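Biologist: I am new to this structure. Could you take me through some parts of it?

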Amino acid sequence: MSYRQQVCLILLLVVPLFSWAGNIDISALQTPVEVWDYAERLTTPRNTTIEDVASSHNWQSVDRETPGRGFSKQTEWLRFKVSNSSDQKKRMRFFWHHAQIGSANIYLHDTKTGDWLPTIHLSSLTPIEDRPYHGRMLEWYVDLPANSEYQLLLSAESVFSMSFRILAGKESDLGRIAGDTYNSTYLFIGFILALVLYNAALALSTKESGYWFYIFYITLVSLYTLSLRGFLFEWHWYSDPIWEQRVVLFLAPASLIFALLFADNILRIKYQPALFKFVFRFCLSAQFIMLAVAAYPSIDIFVSLFAPLSIVVVVFMLSSSAWVILHKGYYAILFFLGWLALLLGIAGHQYSIIIGVGTELLGRESLKTGTALEAIFLSWAMAMRIQRLRKEHEALRKQHTQSLQEMNEQLADKLELEQELNNQKNELLNIISHELKTPLNIVYSAIDLLRENPSSEHIRDLAYGSDRLRRNVDNLVLLSELNTQKLRVNYQYFSIQNLLSALNETAEVTRKADQQWKLISNVSPEYRIYSDERLLTILLENIVENAFKFSPRGIIKVVVWVETTNGQDDRMIWNIEDDGIGIPEDKQTKVFDLFFQMDHGKTRGAEGMGIGLPLAAEIIKRLFGKITLESIPHKGTLVHLEYPSAAPNLEQQRVLTGLTGNKERCVLVVEDNHINAKVLVRLMEQMHYQVVIADNGAKAVDLAANRHFDLILMDIQMPVMDGFEATRQIRALGYEGIIIAITANDTSEDRNNAQQSGMDDFLGKPIRFQQLKTKLRSFNL
């Protein structure tokens, strides 16, 4: 609660109190009754005779405010002495203020003559209609003879073992008591009204529902307090005592219902343990049932049910607030104190009725005092909770603002990154377009020139363009496999001659007239490597191509050898060396970054997409090898490669042998594209093969079932039946010859599927004649 709110609350509390106190008017009462300044008290068993009481010596002196305990087995007696010292008969007027008395009798005993006047019963006494506390004030008349002295004996009993209070004395004393009671009552009303108005203003300004629950609860419990003390009856809110009883019975559970709703709002019971939530629902349901009981009032039933249920509600309130306090909800301390104050107020009220206490605050006014203290503590608790919620809201707002700023910064970074990626993408697309169209233009131009003037130079240009186009496509396919996590290493045995032939062919079509090429192999031509032929080919071709690009007039030298450890673990070593422009030291680690270019734009010195060396680094990692680079600007670069080249478990490889001698060999070409089939026929006929063509897998299976073939070149993607299924069915027929895949789907997944289906090797389109011859030679074909 802020400082301004505290000042406002004090003003709202103090000003109405002074206003109410200033308007109190205690009018003069009637002539005082001559009653002695002291009385005596005696408690006896039921049915004790008046003679025994009069002669008893156990009387005790008490004040005029005489609390009694009129339980069903006891009778409470009060004795006063009254006298008339005049010479004339005088009528004496007596007032008796009582509470909750079941029955009472009044006796007058002439101390001089020993005579007893007729007994006056409680039912014959007349309520005083024009005085404070008229519902509890009775009067009667006694005619005292001249010069007489009497003892006045009062007896009171409680039918239902309920406590009571007897006030006997002068009318001025009763008026003072009534006046003090009215003063405290109006102060109480002003105090509660100020709190209600203050919280109503807060409820309208903050729109917090908790304030309304508080207002309804405090209003109802204040009305209950006033009704219990008889003020509503006195102020003529109702005139029938039956209605007074109904109002009291109705206000009790109604106030507890709003108390529970207020507790749920301020203590957040739905976030408490299941036991608390169960007790809350039980208490709320029970109080609604008590409302129904109050509609048809039966005191015995209502009291027997409401008393234990109200105790459960109070214990629940205290326990629930204690749980919140233990979980650092310190505002609940005030909620706890509020209910404790009301509990003490009720206890003080009952205590003062039963045995009496010495102060008005803890006596007759304890119920109003407890209610007022509860109203203060609950209002304070509500204000603290709202203040805490505001702080939490402010902290959340700041956190949200900070998060929003961070998200904006991240978004700006993402937008900047996205823009950068878009620029890189556009640049990459331009580079890819250039790198694909350039060799394609060479191919078209060479074809046109060959049509006009056939020459070996045009054929060389055509070979260069087609080979460069093929390498670019291979690199893009491999890059796609890496990005989609589909790259797989397909280990199989193949001849080192395959790699050497691929490198020689690459060098033949790539090198310029003033470039020199040296390939030095210290490995036997019959040496068979256990690795992935496709990945190694792409790896070596990219490094060699880079060496040619950055050595315009130099020597490119490749040296290869095998190192053996413990006679088993072979490692193949490659050194690719050039004497070109070299790589600056600050860029030597960046050349393995994807799309990195030594220079950019339309003036860049060398062609390429910037993916060759990054792909090489990724391939060598997948093959459990390593790549290192040493370079000196303007002097050249050395790339060192090494990787395992033998099967780890030295399993016996499948030895595939072809035909020897001059016997004519027969090959089945399975290809659905007639142009590709025609090209393969020409290539195989140059190698002296008899060729049979099938344009789908189903025909290939039928031909293999009825005729022997030394070799099958199998396309993969075909109508009717694909190459994988055709291979499986051909192998099921018992065919043990060589089956090589010839396909444009040159991915690691396709190669793995080919191997799983029973194919012996794989050649990706476009097919190079030298590559095909090398492959067949490795199978002794």
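Modeller: What follows is a set of questions and answers on a predicted model.

Biologist: In which order do the strands of the open sheet of five strands lie?

Modeller: The edge strands, each pairing on one side only, are β20 (689–694) and β23 (761–764). Neighbouring strands are turned by 20° against each other on average, direction ignored. The pairing is parallel, and the order is β20-β19-β21-β22-β23.

Biologist: How many bridges join β19 to β20?

Modeller: Strands of a sheet pair through backbone hydrogen bonds, either parallel or antiparallel. Here β19 (residues 665–670) and β20 run parallel. Among the bridges, R665 has Y689 as its partner in β20. The number of bridges joining the two strands is six.

Biologist: Which residue in β20 is the bridge partner of V669?

Modeller: V669 is on one side of β19 together with R665 and V667. In β20, the bridge partner of V669 is I693.

Biologist: How many of the six residues of β19 are buried?

Modeller: R665, V667 and V669 lie on one side, and C666, L668 and V670 on the other; all are buried, so both faces are covered. C666, for instance, has 7% relative accessibility, and because the cut-off for buried is under 20%, C666 counts as buried.

Biologist: How many disulfides does the count come to?

Modeller: A disulfide needs a pair of cysteine sulfur atoms within 2.5 Å. C283 is a buried cysteine, with a relative accessible area of 2%. By the distance rule, the count of disulfides comes to zero.

Biologist: Is S379 buried or exposed?

Modeller: S379 is found in helix α10 (residues 366–452). Not counting residues up to four places away in sequence, S379 touches L195, Y198, N199 and Y214. Its relative accessible area is 1%, and the cut-off is under 20%, so S379 is buried.

Biologist: Is V315 buried or partly exposed?

Modeller: V315 has its place in helix α8 (residues 299–326). The C-alpha atoms of V315 and L340, 25 residues apart along the chain, are separated by 9.8 Å. The relative accessible area of V315 is 46%, which lies between the 20% and 50% cut-offs, so V315 is partly exposed.

Biologist: Which residues does T119 touch, not counting residues up to four places away in sequence?

Modeller: T119 is in the loop between β6 (103–110) and β7 (120–121), and is partly exposed at a relative accessible area of 33%. The C-alpha atoms of T119 and N105 are separated by 6.7 Å, although the two are 14 residues apart along the chain. With residues up to four places away left out, T119 touches N105, I106 and Y107.

Biologist: How far apart are the end C-alpha atoms of helix α11?

Modeller: Helix α11 (residues 456–483) has 28 residues, so at 1.5 Å a residue the helix should span 40 Å. After α11 comes Q485, whose phi is positive, near 60°.

Biologist: What is the handedness of the crossing of α13 and α14?

Modeller: The axes of α13 (residues 533–549) and α14 (residues 612–622) come within 9 Å and cross at roughly 145°. L535, I538, L539, N542, I543 and N546 in α13 meet G612, L613, L615, A616, I619 and I620 in α14. The crossing of α13 and α14 is left-handed.

Key: Residues numbered from 1 in each chain as written. Predicted model: local features only at pLDDT ≥ 70, side-chain atom pairs only at ≥ 80, totals over all residues. Heavy atoms only, no water. Helix = DSSP H or I, 4+ residues; strand = E, 2+ residues; numbered from the N terminus. Buried < 20%, exposed > 50% of the residue type's maximum accessible area, 1.4 Å probe, protein only. Contact = heavy atoms within 4.5 Å. Pairing = 2+ DSSP bridges. Axes fitted to C-alpha atoms, helices over the stretch in contact; angles between N-to-C directions. Expected span 1.5 Å × (residues − 1). Left-handed = near helix turned anticlockwise from the far one by under 90°.
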